[in-house]
Amino acid sequence: GGNSTAYQPLHYPGYGNLCKKVSADRTRGHIVIYDDALVKIDAQARIIKNLYDNGAAQVVLIGPEKAGFTLGFREYGSSVVQEPAAVGRKLKDYSKYPDSAAQVFFKDTQIGVGQSPTVAYFSSRGPSRGNPRIVKPDILAPGLNILAAATESPDRGPFRFKSGTSMAVPHISGVVALLKSLHPDWSPAAIKSALMTTAYNIDSAGGVIGDMSTSDASTPFARGAGHIDPNSAVDPGLVYDAGTEDYINFLCALGYTAKQVAVFGSSISCSKRAGDTVGDHNYPAFSVVFATNKMAVVRQRRVVRNVGGDARATYRAKVTAPDGVLVTVSPETLRFSATQKTQGYAVTFAREIGASVTEKYTFGSIEWSDGEHTVTSPIAITWPASQVAVAEM
């Protein structure tokens with residue numbers, strides 16, 4: 001295989017053919033379109049090599065349908081044009097014309113050719129099955145087609161494109177290490193809070209970060225609080241901190257037994273921890289579950305600590321309410337001083353009377369700002385299935 005410059009006829013042998021049975025006269029001098037068989041990379045490489053051995057001018061590999069616009073690069077040891085399923089559909093349709101032709105040439109590396117970031121189809125999605133009152137995922141980090149160091153082999157160099165959580169985690173770990181070196185006194189929860197409340201949700205084209213699996217805008221159940229913004233996380237303004245006792249309260253609220261909780265070394269039993277609910281965990285996002293049609297109001301509490309450069313600071317709340325919900329923050333203004341570094345507040349989520357919500361989930365946000373820092377938390381509302389069903393009729 002190599003760079004073709006002249007126009008070559010296109011041939012698509014059909015889905016599932018694996019290009020093993022393509023007749024030589026339809027291969028020789030043709031650009032052959034072939035669906036990613038999702039087989040092991042070595043098997044895929046053999047199929048592609050076989051096409052070139054039979055005289056193919058170029059091979060175009062189409063990504064799996066479930067991946068939508070996601071394209072995970074892989075190396076096959078031959079020249080291969082790789083396109084996502086969404087582009088592949090157009091190519092396959094065009095190849096049906098008897099005189100369809102195309103040319104393939106290398107245009108050097110192009111940067112900024114698509115909207116970014118976007119959520120890859122394989123990225124984990126919420127809501128959390130184990131605990132729907134905590135928004136999951138937490139955050140996005142780069143994890144698609146990351147050029148990474150790899151063990152050398154005879155047919156591959158020391159670098160390879162890799163995708164997945166295995167690539168996103170080192171991005172986050174590196175940022176966490178840098179934050180910890182700048183703020184040695186910050187707890188894991190404070191660092192997580194700084195990352196989440198300063199994350200961004202707007203892509204390079206000025207719209208909400210997209211979801212490659214749907215080609216629509218993503219929701220907090222796909223992007224969490226947004227995409228990490230390491231420089232902003234250095235100075236988040238406020239943090240939602242939590243220590244061991246907060247997590248034990250959280251486990252108690254989830255219904256863990258005294259014996260299970262004792263493993264964490266706490267001498268206080270769950271029965272003595274009155275009034276704690278899962279929704280009150282000091283987490284930088286809000287997830288409200290209206291479990292039944294009778295549930296009308298949910299209240300959640302939070303505590304924030306001022307870590308900004310100025311001990312005297314005043315933050316005001318700005319709410320973007322999810323559809324079907326009235327959101328009230330109390331107090332709406334938080335004042336910090338040298339002696340008052342932490343402040344608590346409560347958020348009330350009340351179902352709007354007569355509001356017809358047709359979606360199972362609706363989303364919004366709470367933003368605290370002192371004019372210099374913006375501390376943002378996503379809100380996710382889960383509606384009872386019966387209400388959604390009624391609304392859809």
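This is a predicted model: local features need pLDDT of at least 70, side-chain atom pairs count only at pLDDT 80 or more; totals for chains, interfaces and linings use all residues.
**View 1. Asp36 in its loop.** Asp36 sits in the loop that links β2 (31-35) to α2 (41-53). Leaving aside residues up to four places away in sequence, Asp36 touches Gln44, Leu61, Ile62, Gly63, Pro64, Arg74 and Tyr76.

**View 2. A buried Asp36 without a salt bridge.** Asp36 is buried, yet has no salt bridge. Arg74 is the nearest side chain of opposite charge, 4.1 Å away. The side chain of Asp36 does have a polar partner: a contact of 2.7 Å joins it to the side chain of Gln44.

**View 3. Asp203 in its loop.** Asp203 belongs to the loop between α5 (188-197) and β9 (210-211). Its relative accessibility is 7%, so Asp203 counts as buried. Beyond residues up to four places away in sequence, Asp203 touches Gln115, Ser116, Pro117, Val208, Ile209 and Gly210.

**View 4. Asp203 beside Pro117.** Asp203 and Pro117 are 86 residues apart along the chain. Their C-alpha atoms are separated by 5.7 Å. Pro117 is one of the residues touched by Asp203.

**View 5. Polar partners of the Asp203 side chain.** The side chain of Asp203 makes a polar contact of 2.9 Å with the side chain of Gln115. A polar atom of the Asp203 side chain also lies 2.9 Å from the backbone nitrogen of Ala205.

Definitions and conventions: Residues are numbered from 1 along each chain as its sequence is written. Side-chain values use heavy atoms; hydrogens and water are left out. Helices (H or I, at least four residues) and strands (E, at least two) are DSSP runs, numbered from the N terminus. Buried means under 20% relative accessible area, exposed over 50%, partly exposed in between (1.4 Å probe, protein chains only). Lys and Arg count as positive and Asp and Glu as negative; His and the chain ends are not counted. A salt bridge is a side-chain nitrogen of Lys or Arg within 4 Å of a carboxyl oxygen of Asp or Glu. A polar contact is a pair of N or O atoms within 3.5 Å; within protein, one must be able to donate a hydrogen and the other to accept it, and residues adjacent in sequence count only if both atoms are side-chain atoms. Contact means heavy atoms within 4.5 Å.
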